[in-house]
Amino acid sequence: MLHIRTPGGCPHLSFRCLSSLIHLYRADVRKGVLVEDARQIHLLERLEDVTSRLDAQPPPPSLLSRIFSTPSAPKVKGLYVFGGVGCGKTMMMDLFYQELSATSKLRTHFHDFMLDVHERIHAFKTSLPPSHVNDRKSYDPIPVVAREIARESRVLCFDEFQVTDVADAMILKRLFHTLFEEGVTMIATGNRPPEDLYKNGLQRSNFLPFIPMLKSHCEVLDMESIVDYRISEPKPLDIPGGRANYIRDPHQLDKIFHYLTGGAKGAQCHPVSVLGREIRVGVSIGPILSTTYRELIEQSHGSSDFRALARTFSHVLIKDFPQLSIKKKTQLRRFIVMMDIFYDRNVKLIISSEVPLQDIICLQDADQKAKDELRMLMDDLKLTMEEAKSMSLFTGEDEVFSQKRALSRLSEMQCADYWELPHNKYE
């Protein structure tokens with residue numbers, strides 16, 4: 001995750017944007033980099049309003065005042081932005097984050113943030129005497145962790161705010177209650193309205209109180225866009241062949257690898273350290289990795305492995321990539337996790353596949369599988385379609401959305417503008 005911090009207890013921090021967000025946006029429109037979109041401008045207006053309110057807030061309570069009283073931290077309402085893939089919500093949030101002058105801020109993928117939270121909770125519990133571990137009332141780690149995060153970051157920007165894990169769902173209310181009470185402002189992007197978060201999840205009744213709390217601390221904004229701006233005709237890239245995807249042509253990837261490494265000799269497998277162990281994938285020279293689908297996706301790599309690879313390598317070349325579908329659910333989910341992490345870190349991806357890039361995930365199979373599972377569940381429970389809709393039964397919507405997002409991001413990763421972005425090695 002990317003942590004840019006100012007120590008807690010600092011004097012009044014300036015949150016003023018370095019430049020007008022709308023001015024920067026319209027400058028890119030004039031250059032032909034972006035197509036003007038009224039919804040994106042409206043989002044930027046709301047983000048500029050958040051900036052103004054952040055900059056106008058009083059300074060945090062001093063250490064002395066905290067000792068002799070319990071003043072509430074100043075609070076600024078954030079934003080929860082949802083919409084379809086490629087509508088620009090993440091790009092607008094990143095512009096806001098980039099231009100926010102204060103350093104007490106954090107921008108990360110929500111999944112990575114929750115992994116960090118669980119690691120902090122674990123570290124707190126292991127620091128306690130064994131007799132205190134189960135004494136939740138006196139030694140609840142969640143408020144402690146939340147206050148620690150609040151001291152580090154006054155503004156939290158989350159990409160892909162999505163709740164799918166029951167362990168996350170059960171602690172969100174307590175975690176964010178303390179974060180908001182400590183004066184943290186949250187900006188988040190997601191694909192679902194707040195009411196549909198953790199839809200049909202286990203023990204969702206325990207999660208539901210989080211939703212009104214989220215809505216009370218964040219303005220909810222629907223992008224309502226059906227346009228995916230990532231899907232466009234890419235400009236030629238400055239590499240052999242001018243593009244980053246090929247059909248059944250692994251030899252072209254060898255040429256690109258030779259070009260990117262400057263013709264250096266001695267490519268070999270270099271182990272990458274992950275949480276005290278090593279993973280071995282493909283061969284590399286410096287930050288350039290050449291590997292295969294079998295090594296990268298067929299093997300049981302998790303998100304921590306992909307994060308380590310994204311830190312280590314700026315360019316990843318993958319040979320022999322098949323078409324994925326719901327029939328290969330494990331591999332498909334692993335690919336989606338990899339794509340989210342590589343995209344966040346601006347890793348350049350070059351692929352040789354069996355099918356055209358836009359068909360690398362067979363979405364028709366996913367849609368049909370979701371419908372078939374719903375029909376089977378309806379038969380088992382003897383429900384009509386109307387009854388099933390009223391109960392909001394799981395239809396695979398999140399999974400299909402994740403697949404569409406992966407395809408959209410894969411398309412953007414072929415563009416010259418993406419290739420010009422610097423490689424992010426942040427944690």
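In this predicted model, Tyr80 and Phe161 are both buried. The two residues form an aromatic pair of edge-to-face geometry, with 5.9 Å from centre to centre and 85 degrees between the ring planes. Tyr80 belongs to strand E2 (residues 78-82), whereas Phe161 is placed in the loop between strand E4 (155-159) and helix H8 (166-169), so the pair ties together parts of the chain that lie 81 residues apart in sequence.

A second pair, between Tyr343 and Tyr418, is stacked, its ring centres being 6.0 Å apart and its planes 15 degrees apart. Because Tyr343 lies in helix H15 and Tyr418 in helix H19 (residues 416-419), this pair ties together parts that are 75 residues apart in sequence. Tyr343 has a relative accessibility of 13% and therefore counts as buried, the cut-off for that class being under 20%. Tyr418, with a relative accessible area of 2%, is buried as well.

Over the whole structure, the search for aromatic pairs returns 19 of them. Most residues other than glycine have a negative phi. Tyr198 is found in the loop between strand E5 (185-190) and helix H10 (204-207), and its relative accessibility of 5% means that it counts as buried.

A positive phi is also found at Asn346, a residue other than glycine, where the value is near 60 degrees. Asn346 is situated in the loop between H15 and strand E13 (348-353), and, at 10% relative accessibility, it counts as buried.

Helix packing was examined next. Two packed helices are described by the angle between their axes and the distance between those axes. Helix H15 (residues 329-344), which carries Tyr343, packs against helix H14 (residues 303-312) at an angle of about 35 degrees, with the axes of the two helices 9 Å apart. The crossing of H14 and H15 is right-handed. On the H14 side the contact involves Ser303, Phe306, Arg307, Leu309 and Ala310, which meet Arg334, Val337, Met338, Ile341 and Phe342 on the H15 side. Sorted by class, the residues of this contact comprise seven nonpolar, one polar and two charged.

Helix H5 (residues 110-127) and helix H7 (residues 141-152) likewise pack with their axes 9 Å apart, here at an angle of about 120 degrees. H5 and H7 are therefore oblique to each other, since the range counted as roughly perpendicular runs from 65 to 115 degrees and roughly antiparallel begins over 145. The crossing of H5 and H7 is right-handed. From H5, the residues in contact are Phe113, Val117, Arg120, Ile121, Phe124 and Lys125, and these meet Pro141, Ile142, Val144, Val145, Glu148, Ile149 and Glu152 of H7. The contact of H5 with H7 contains nine nonpolar and four charged residues, with no polar residue among them.

Note on methods
Residues are numbered from 1 along each chain as its sequence is written. This is a predicted model: local features need pLDDT of at least 70, side-chain atom pairs count only at pLDDT 80 or more; totals for chains, interfaces and linings use all residues. Side-chain values use heavy atoms; hydrogens and water are left out. Axes are lines fitted to C-alpha atoms, for helices over the stretch in contact, and angles run from 0 to 180 degrees between N-to-C directions. Helices (H or I, at least four residues) and strands (E, at least two) are DSSP runs, numbered from the N terminus. Angles under 35 degrees count as roughly parallel, over 145 as roughly antiparallel, 65 to 115 as roughly perpendicular and the rest as oblique. A crossing is left-handed if the near helix is turned anticlockwise from the far one by less than a right angle, and right-handed if clockwise. Contact means heavy atoms within 4.5 Å. Ala, Val, Leu, Ile, Met, Phe, Trp, Tyr, Cys and Pro count as nonpolar, Asp, Glu, Lys and Arg as charged, and the others, Gly among them, as polar. Rings of Phe, Tyr and Trp (its six-membered ring) pair if their centres lie within 6.5 Å; planes under 30 degrees apart count as stacked, over 60 as edge-to-face and the rest as tilted. Buried means under 20% relative accessible area, exposed over 50%, partly exposed in between (1.4 Å probe, protein chains only).
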